[in-house]
Amino acid sequence: MTSAADERSGKASVDALPAARPPAFYRLENTVQPYDWGSTSAIQDLLGVAPDGRPAAELWMGAHPLAPSRVVPDGERRPAEARPGVPAASGTTLADLVRADPVGVLGQRVLDQHGPRLPFLLKVLAAERALSLQVHPRPHLARAGFNRENREGVARDSPLRSFHDDQHKPEMVVAVTRFEGLSGFRRPTRILELLDGLDGDLVGRMRSALLASPTEAGVRAAFTLALHARSEPDVAADLARTVASVRARAEAASGTGAAPASGAPRRTSQRADATVLSLADQHPGDPGAVVSLMLNRVTLAPGESMFVPSGHVHAYLSGCAVEIMASSDNVLRAGLTTKLVDVDALLECATCTPGPAARPRLVEDGSGLVTYRPPVAEFALRAGRVTGPVALPDAGPRVVLCLDGAVTLAGGSGARSVEVRLARGESVFVPHGTGPVVAHGDGRTVVAYVP
């Protein structure tokens, strides 16, 4: 909810800004989020910033009110100030740009479909440790939860708030390095295989729920037991027994230890066991480590991708990726975090249908850029290496990021032509009014757009 002071401040900023006039490019100065799970080197290396030992988890490129990118109009260059934990330079934000000229910046189609807002948020995500086990709400639940917390008077910046806006948050990652994660529920029979032979009261109850109903209902029942176990007084000791039995099974499978007395399951997974041990080491006593056995374990090579629909239970474990999502900050956490865990809200929003991790549709046209097209209206990506003239998406709002090398973007024609050169780590916003844009040079490039 926007205060009167915020409205006046925003209006003053917009009034001071000339309407976007085609063609134009706007360099972006972006904020780095210093979450504790972030890498101490990956984003720093991308931005050419000397590491200082502090984590840099996410680089945000967009107009989200939490950290909107600042814009430098007409391709003029200003020294970037994005450093881990340091806000972008003062000045006009991308949100201001949209408010000043919604049609020119977004285009009528995007404005009609999504309103006067940039519907996507582009990030570079760099994880050294696991992110929380989490779910993003579906549209109607995001609206209901946000309105409910507003009625209850929960402050927008309160750590006790679960819904920070009224938007859903489907998202997609495209790996920049090897990228590890968990996403969606395994088949009940496979979960039972992985739980078989493990010690502990909680895993015993989870097995019983799945044996009684080896269906989506059983998966939900077992998942619910695991989430509520975090409030049980003896959960840490019980999970320690389970983790010890996972370790024994892993050592037996690798030939470094004796087989557990209870016997090994029919089909073990060393990777699943290693995930439990890693998560238990990072978050001792957290049932999320055992929940990982219920979820699909995913490894993405550079260029490979994964789509996470709203309601999908997931956690990213390690690696660097480009991430794009609907412009929302709604995250409902189930564990593996020191932040708020809202079990009831998460269970209301979670989808427990078993199935493989979701993937976007890919289109390769020989240009060097691959189109990643998930089944949502807010965003799509084109990404790959530009080695010659390549036409980019020619309408709507676009954000272009250079991951390495250098690329030049050209728009307009004749006396109204404009160009901007992007080096490694630099990004630019292209408004709808700029029209068709061609990229050339030699650089790895990401283009976010509204399909």
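Mentor: Of the 451 residues of the protein, 56% count as buried. Keep in mind that this is a predicted model.

Trainee: How many helices and strands does the protein have?

Mentor: The count is 13 helices and 20 strands.

Trainee: What does the surface come to, and how much of it do carbon and sulfur atoms supply?

Mentor: The protein exposes about 18,200 Å², and carbon and sulfur atoms supply 53% of that area.

Trainee: Switching to Asp96. Where does Asp96 lie?

Mentor: In helix 3, which covers residues 94–100.

Trainee: Is Asp96 buried or exposed?

Mentor: Asp96 is buried, because its relative accessibility is 5% and the cut-off for buried is under 20%.

Trainee: Which side chain does the Asp96 side chain join in a polar contact?

Mentor: That of Arg99, at 2.5 Å. The Asp96 side chain also reaches a backbone atom, the nitrogen of Thr93, at 3.0 Å.

Trainee: Now cysteines. How many disulfides does the count come to?

Mentor: The count is 0 disulfides. The rule asks for a pair of cysteine sulfur atoms within 2.5 Å.

Trainee: Are Cys349 and Cys402 buried or exposed?

Mentor: Cys349 counts as buried because its relative accessibility is 0%. Cys402 is likewise at 0%, so Cys402 counts as buried too.

Definitions and conventions: Residues are numbered from 1 along each chain as its sequence is written. This is a predicted model: local features need pLDDT of at least 70, side-chain atom pairs count only at pLDDT 80 or more; totals for chains, interfaces and linings use all residues. Side-chain values use heavy atoms; hydrogens and water are left out. Buried means under 20% relative accessible area, exposed over 50%, partly exposed in between (1.4 Å probe, protein chains only). Helices (H or I, at least four residues) and strands (E, at least two) are DSSP runs, numbered from the N terminus. A polar contact is a pair of N or O atoms within 3.5 Å; within protein, one must be able to donate a hydrogen and the other to accept it, and residues adjacent in sequence count only if both atoms are side-chain atoms. Accessible areas come from the Shrake-Rupley method with a 1.4 Å probe; for residues, only the protein chains shown count as cover.
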